[in-house]
Each structure stands twice: as C-alpha cells, then as structure tokens.
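Before reading on, have the sequence and the coordinates open side by side.

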Amino acid sequence: MKRRPFYFEIKDVLIQFISAFDDVVISRYNRQREPQDNIGVRYVYAPKQRVVHDILNKARHITLPAIAVNINSIDLDRDRVFNKIAGSYHTRRDSFNGSDMNTVTDHLAQPVPVNIDVGMSILTKYQTDMDQILSNFIPYNNPYIIISWKTPPEVLQTQQEIRTEVLWNGSMSMDYPVEVSSGEPFRVSADTSFTIKSWLFKHKDDPIGNIFTINSYFTPMSGIHGLT
C-alpha cells in the first residue's frame, strides 16, 4: 500500500493558525500614559519550556514578549466520522496532451477528520504587555475562529478551499513568579490551548482518463429467433 506523509497538511494548518494571531502589536507607555513605542510580538514554534530555557540562557536568544506554539496531540474526531464514503471525483485538463477539454479525473479519497490540540504560552516582562496581548485575541475567539487553507497539491491538483474551525478552550492559566533570583529575569506567563478541527488526506491514485466516445456497432437482422 502506498503511503504519503501527512506533514504537509499539518504544516499548512499551523501556518494559517499562527497567521491569524501574528499581527499583535503592543505599546509601551510613559508615566503620563502616553505611548512611547510599539513592539511586535514574536511567535515561536516550540514548547514553553524551550522558550524559558532560551530566555535564561546567557545568549538570550529570545526576547520578551514572545508567544510559544506547539502541538500537544492529534486525535481522531469520531463526531465527524460517517459511513465509508468513497470520496469525490474532480475532472481536470491534462497539461501533457495540450487539449482544452477535461481529459482526466482525479479521485480524492475521503480524508480522515482529526482534532489537533495546539498549546499556546504567552510570556511577557510586564503585566501591561500581557493585558494588551490577551485583549488582542480573546474578543475574537468567542468561542472559535475560521481559518482557510487549500487541499494539498499532492492529492488534488485543482486545489479546493477548506474552512477549518479553531476552537478556543475558553481558559487562560496565569502564572506569576513567586521567588525570583538575582540572575533570573522577571516574567509573566499565560497558558491556553486550541483545537483545530482539521483533515488528513490519503494517498492519491493515478488519474483516470475520461471517456468521451463509445463506438458501437449493430448488425441488422431480419428476425429474432427463439421467440414465440
């Protein structure tokens, strides 16, 4: 049985997921509450522990504020599993024969519905930074958003739009440092998660040529024998 990796679908979904949030800009204020600077929030695909390690590292690879995103789990969504559907058929023009007609048909097997659980950790240096970041996405995830992506070209050359629901779990777990050493920077963190109701596609079979003409030949007969 031929198999293909599902990395492409997951990568495309994650890119769209991060793109839905990566335009967050926060402001820094002076004592008169006047904005002095605007800072774009960095997104990092890594677990929270890795981001904290880089912050504490002497090289200080990551500066705050930063948002860490990583996949926690991938589960089969049984609520979206129906009968054994054969899939769908899509006709297209074969680019090799130079014809203007839809000469071949691609069979798109029924994709497998999966729930991708994505963890998100927000790390900031100031409480005001955290408040601004939360106010940038919580009002728009009530309780979900829709992201748009396309079927992978490896399974369907004539790509189709897919609209995927991203469901927020509705909770922010705040964490404040209780004891901070002299060499450890102060930070505020918040943890939450999202469920991306996505699809994984099966391997595509070779395209089937369309039938345009059926030649039939008939022989006239004077009578039909054997009938009474």
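A residue is called buried when its relative accessible area is under 20%, exposed when that area is over 50%, and partly exposed in between. The model is a predicted one. With a relative accessible area of 5%, Asp 77 falls under the 20% limit and therefore counts as buried.

Asp 77 lies in the loop between strand 4 (66-76) and strand 5 (88-92). Once its neighbours within four places in sequence are set aside, the residues in contact with Asp 77 are Pro 113, Val 114, Asn 115 and Lys 197. Side chains of opposite charge can pair when their charged atoms come close. Asp 77 has a salt bridge with Arg 80, in which the closest N and O atoms are 2.7 Å apart. Arg 80 has a relative accessible area of 18%, so this residue is buried too. Lys 197 also belongs to the picture: Asp 77, Arg 80 and Lys 197 are linked in a network of salt bridges.

How many salt bridges does the structure hold? The count is 4. One of them joins Asp 129 to Arg 28, with 2.7 Å between the closest N and O atoms. This pair links distant parts of the chain, since Asp 129 is in helix 3 (residues 127-137) and Arg 28 is in strand 1 (residues 25-29), 101 residues apart. Asp 129 is buried, because its relative accessible area is 0%. Arg 28, at 23% relative accessibility, counts as partly exposed.

Another salt bridge is formed by Arg 163 and Glu 161, whose closest N and O atoms are 3.3 Å apart. Is Arg 163 buried or exposed? Its relative accessibility is 63%, so Arg 163 counts as exposed. Glu 161 has a relative accessibility of 49% and counts as partly exposed.

The secondary structure consists of 3 helices and 12 strands. Of the 228 residues in the chain, 35% are buried. Among contacts between residues at least 6 apart in sequence, 67% join residues that are at least 24 apart. The chain exposes about 15,100 Å², and carbon and sulfur atoms supply 52% of that area.

The last topic is the spaces that the protein atoms leave open. The largest pocket has a volume of about 260 Å³. Which residues line the largest pocket? The lining is made up of Arg 80, Val 81, Phe 82, Asn 83, Lys 84, Ile 85, Gln 110, Pro 111, Val 112, Pro 113 and Lys 202. By class, these lining residues divide into 6 nonpolar, 2 polar and 3 charged. Two names return here from the account of Asp 77: Arg 80, its salt-bridge partner, and Pro 113, one of its contacts.

There is 1 cavity of 30 Å³ or more, and the largest cavity has a volume of about 30 Å³. Phe 21, Val 24, Tyr 43, Ile 67, Met 120, Ile 133 and Phe 137 line the largest cavity. Its lining comes to 7 nonpolar residues, with no polar and no charged ones. Ile 67 falls within the numbering of strand 4 (66-76), and Ile 133 and Phe 137 fall within that of helix 3 (residues 127-137).

Key: Residues are numbered from 1 along each chain as its sequence is written. This is a predicted model: local features need pLDDT of at least 70, side-chain atom pairs count only at pLDDT 80 or more; totals for chains, interfaces and linings use all residues. Side-chain values use heavy atoms; hydrogens and water are left out. Helices (H or I, at least four residues) and strands (E, at least two) are DSSP runs, numbered from the N terminus. Contact means heavy atoms within 4.5 Å. On a 1 Å grid over the protein atoms alone, a cavity is a set of points where a 1.4 Å probe fits but cannot get out, and a pocket is an open set with protein on both sides within 12 Å along at least five of seven lines; lining residues have an atom within 4 Å of a point. Grid points are joined across faces, edges and corners, and a volume is the space filled by probe spheres set on the points. Ala, Val, Leu, Ile, Met, Phe, Trp, Tyr, Cys and Pro count as nonpolar, Asp, Glu, Lys and Arg as charged, and the others, Gly among them, as polar. Buried means under 20% relative accessible area, exposed over 50%, partly exposed in between (1.4 Å probe, protein chains only). Accessible areas come from the Shrake-Rupley method with a 1.4 Å probe; for residues, only the protein chains shown count as cover. A salt bridge is a side-chain nitrogen of Lys or Arg within 4 Å of a carboxyl oxygen of Asp or Glu.
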